[in-house]
There are 2 protein chains.
Amino acid sequence: MNFSRMFIPTLREVPADAMISSHQLMFRAGLIRKLANGLFVYLPLGLRSFRKVEQIIREEMNAIGALEIKPTVVVPGDLWKESGRWSAMGDELLRVKNRLGGDFVLSPTAEEAFTAIVRDELSSYKQLPLNFYQINTKYRDEIRPRYGVMRGREFTMKDAYSYHATEESLDQTYQAMGQAYRRIFQRCGLSVIPVKADSGAMGGSGSEEFMVESEVGDNTLILCSTCNYAANVEKAACKDDSPEPAPIPVSPLEKIDTPNVRTIEELCRFLNCNAQQFIKTLIYRAVNVEIDLQKAPGTQKLESRRLTLESPAVYPEVFFAVCIRGDLSVNEVKLAAVLKAQEVTLASDADVVRLTGAPVGFAGPVALNTIPVIADLSITKLNDAVAGALEADTHYRHLSFGRDFTPWLTTDVRTVVAGDYCPLCGKKVYEKKGNELGHIFKLGHKYTKTMHIRYLDETGAYQIPTMGCYGIGLDRTLASIIEEHHDQYGIMWPVSIAPYHVIIIPIPYDGEIKAAADALSSALEKAGIEVLVDDRSDRPGVKFIDADLIGIPFRIVMSKKNLPAVELKIRGKTESHLIPVGTIVEIVKNRIEKELEI
Amino acid sequence: MNFSRMFIPTLREVPADAMISSHQLMFRAGLIRKLANGLFVYLPLGLRSFRKVEQIIREEMNAIGALEIKPTVVVPGDLWKESGRWSAMGDELLRVKNRLGGDFVLSPTAEEAFTAIVRDELSSYKQLPLNFYQINTKYRDEIRPRYGVMRGREFTMKDAYSYHATEESLDQTYQAMGQAYRRIFQRCGLSVIPVKADSGAMGGSGSEEFMVESEVGDNTLILCSTCNYAANVEKAACKDDSPEPAPIPVSPLEKIDTPNVRTIEELCRFLNCNAQQFIKTLIYRAVNVEIDLQKAPGTQKLESRRLTLESPAVYPEVFFAVCIRGDLSVNEVKLAAVLKAQEVTLASDADVVRLTGAPVGFAGPVALNTIPVIADLSITKLNDAVAGALEADTHYRHLSFGRDFTPWLTTDVRTVVAGDYCPLCGKKVYEKKGNELGHIFKLGHKYTKTMHIRYLDETGAYQIPTMGCYGIGLDRTLASIIEEHHDQYGIMWPVSIAPYHVIIIPIPYDGEIKAAADALSSALEKAGIEVLVDDRSDRPGVKFIDADLIGIPFRIVMSKKNLPAVELKIRGKTESHLIPVGTIVEIVKNRIEKELEI
């Protein structure tokens, strides 16, 4: 392909709104353009690399026996009402009414559509397992799209859904997917960090996120360099680092006046103690809580309800007190997982006053019986602690966990931070920001139950299949490849994703050199190598700069001076080599084949 | 690929709502399933054929130098407001509001998106011509989707848009597209009827529709078997077949009483004349009329306006009288094209009474000066005609065109029907129903002007590029292939589109036969042939029925009885042949290669 026929509008300037390297380089190399905020167009060169990511994913999905299908992007809202997500999902779900008043959604994921398809076809256990995928347009009505295609509104996702008669069968597919994902990212030249979820928090199911490091990542990862523990902070645990308690509780519980003392720092100064001796008590409001509250204090009058006929009963609104060591903070995602709640937020000041009977700042676990008290593991060893006394300007001291109060529930809701101790090996962990490229997840019966999908087992009894889902974002994968493979001059494509393997720069593209360049291009193409010939009349310097910017792995310069040898330079290397034109095809072919081996 | 791993849910019954063969067979062969009205899912087998259509289109587009890009499906409404289509398009355009209140559309076509992209990049004539395409999801909010994927709500279209400095350059691309379309349909095994538009009606531009015959087609085609004239009835012309007028007008115009005479038939009986002597006068209401009305009667008070800043001035509402021979009918699409109107409908009875001063049924051209009178060519030779007299129960007779009235405009608005005379060769034409699979169209400056796209020419002056657009519906193409290639047993895929080239039916898939089938499958696949092995434990009869239904071109039956020979049968042929297993690969390979040559 000739450069001039390909439409590659390279830019010297960095667009003002492009904050990260991949966004900058995708614009500057002419891979994408912006149609509107969060809506991007892949130009010819960008689309070639995009298709290579797509094809790698397709090959690896087919290799594990997943079957590609093509549902619609626009999906009936009724299916989302069946699953409960119509009401459960927020404004990120783009809802559409058609001319007849019917509700539809622009798919952000497709659990409902796939389950509806399988529901119509599934009758017998003999058909299971089933494993379908699509590579299709998705839409998420991001309120603040940014970082180019890394977080756009419209994007392409490979999403697979599998259905099984047994947990063992689900696990088999789940493991195969995990392996396929590792191969996909490896073939894309990406260093991913597979992050396993704490199986406890997910209700016994498994889940694994595939992360790449990114300074602008949406996720915080907790990593251990000693034992390779890796967890999303939303699920990360750590080893207990509480100081050993005093041998015996020193004194009985004592109520003290603490006038004008508002913050933990002030209190520590006032009492000459440190934050680790303090029990911080926070009041949370939780929405649609699934955890059993029958024996919880203060919840007798709450009524539970079902969002859909088949979904479990939930309490629409419940308040909780969460007690944690004064130097730590509560992780709301972990808390929500413990409570099986849709959402958890700090209670309003008015609610705090109403529930604790005291101004904000004086909540504490002792004698708090209006709401259930949850204790983080970090306070269980405290036997000489300080806490609010449910009265203005008053605290307790010499408070002993278990002696002076007993929580309704003791669990882990602490936010793990760098410097905490690895839950596996006990060494200190560190933090990284990361972006999620892929996610595999054992869904269990969440959708299959609410959407009434069933089959007959060997004994003729109806059973509900168990389900898994597996996603990869294509645009984000492509951008992440550029994040990992670039230098100050431009992109450095891995051979597997490069829009072209070779760029030939003839100096000039005219006469004898033109003929030689065209002949070499044909010979390379005949060998299955993808070639871009820079046929433009620009100065060699301009061509070199563009070649580096668009990141073609092999650059061949042809000039009268060197013919019948040509100059081969590998992108990212400083040296170039003079090679006889007669052997260049073989050399490049071998290099490419070697690069494509994984 | 083994049949049992592919998920091919074949059906014996025809779904109740499937009216046409392709819809029935796509369901029965397990190619598609319905997610909702007008929303279909391609299952694995259907998707394979779909992708082959897609790939043929892609190859032919690339071959003529069109460049593939990937814009979004969701497009900013602002672009559609710029072009004027936001208000001009009806309810078929699915409009969406995002969470921030922004307007978006789900693209039914992409003139706006492509023009916006090119607008940002185009600066110099040196960049022209540009020719971009996408193969992407489209949405049309059909009020009554039917015939399966033939007229769905969500569908896939290849749409290309080209931009040019000169009409010659546009014509070159337009011609190349026309040739590419012919190759595409030929490679898909489709007999298409290319239908050229009357260039007059399209304002001097060119347009060609690619039709397939279909009993449920949306279009009526007027065809001549003598000279191959082919036209959409919306644009078809015919040779004048008016009887020669009497040598001189017989008598002066005469007003006569015609009490209780309402229909043309009653009038003919009453006056002992025939419908060909009658001038039928219809009152039409036209919306957004662009034709110049400065010298038209009764339009002095009308004011024109612009829908967008750059669009031409139009009259929001104009009434016209259209006079046509009593035995003919007015074609409203032709009329709208003449008037350059967005829409043309018969006026309401109240409007007819108001404008003609007479009850409905007595309109006529004589002395009608409240609105412009348009005469169809069919009445220009009448010099002893009958027409309404703008009074209740009254008609004129002995009316002579040109003597007793002069129309504001004389033009061709007649609906051509079977039996009319070909405008080219004068032989009788016939009618067929047809479906449009593709359309190529010279748009001129319609979008480039309203959307302010411009470039600098050789002299440094700003110019507006001229534009063409070129579409093919993929789903409809696939369904049409089945319409043309099936029998009572199922689909008969052309090799180019078949999901697999060969189906091997081992009887049974076990022991020695299984080993032989697997070996043959591997050998065929090594030769680049796509193979489905029916590994199911069903009876041979079931497998034969399914093989015919899903329409695989080559069926190879392997059984103990015949080994080391196998039985080869070509789909659609009645005889089968015993062929030594050692030569079968070569034979099938040669047949396939021959079929794929065009």
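**Contact, symmetry and core**

Let me start with the contact between the chains: 41 residues of chain A and 41 residues of chain B take part in it. Please bear in mind that this is a predicted model. On the side of chain A that touches chain B, the largest share comes from helix H6 of chain A, residues 111-121, which supplies five residues.

I turn next to symmetry. How is chain A laid on chain B? A turn of 180 degrees, with a shift of 0.0 Å along the axis, superposes chain A on chain B with an RMSD of 0.1 Å. This is therefore the relation of a two-fold axis. Both copies use the same surface, for 100% of the contact residues of chain A recur in chain B. Within chain A, the residue that comes closest to the rotation axis is A:Val96, with its C-alpha at 3.0 Å.

The largest nonpolar core has 254 residues. Which of its residues touch the most other members? They are A:Val502, A:Ile504, B:Val502, B:Ile504 and B:Ile552. Let me take A:Ile504 as an example: neighbours within four places in sequence aside, A:Ile504 is in contact with A:Ala517, A:Leu520, A:Ser521, A:Val531, A:Val533, A:Asp534, A:Ile556 and A:Met558. Another core, of 45 residues, lies apart from the largest one, and its members include A:Phe278, A:Val289, A:Ala337 and A:Val352.

Thank you for your attention.

How values were computed: Residues are numbered from 1 along each chain as its sequence is written. Chains are lettered from A and ligands numbered from 1 in the order in which they are written. This is a predicted model: local features need pLDDT of at least 70, side-chain atom pairs count only at pLDDT 80 or more; totals for chains, interfaces and linings use all residues. Two residues are in contact if their C-beta atoms, placed from the backbone, lie within 7 Å. Helices (H or I, at least four residues) and strands (E, at least two) are DSSP runs, numbered from the N terminus. A nonpolar core is a set of buried Ala, Val, Leu, Ile, Met, Phe, Trp, Tyr and Cys residues joined through C-beta atoms within 7 Å. A residue is buried if 20 or more other C-beta atoms lie within 10 Å of its own, exposed if 12 or fewer, and partly exposed in between; C-beta atoms are placed from the backbone. Copies are superposed by least squares on the C-alpha atoms of residues with pLDDT of at least 70 in both.
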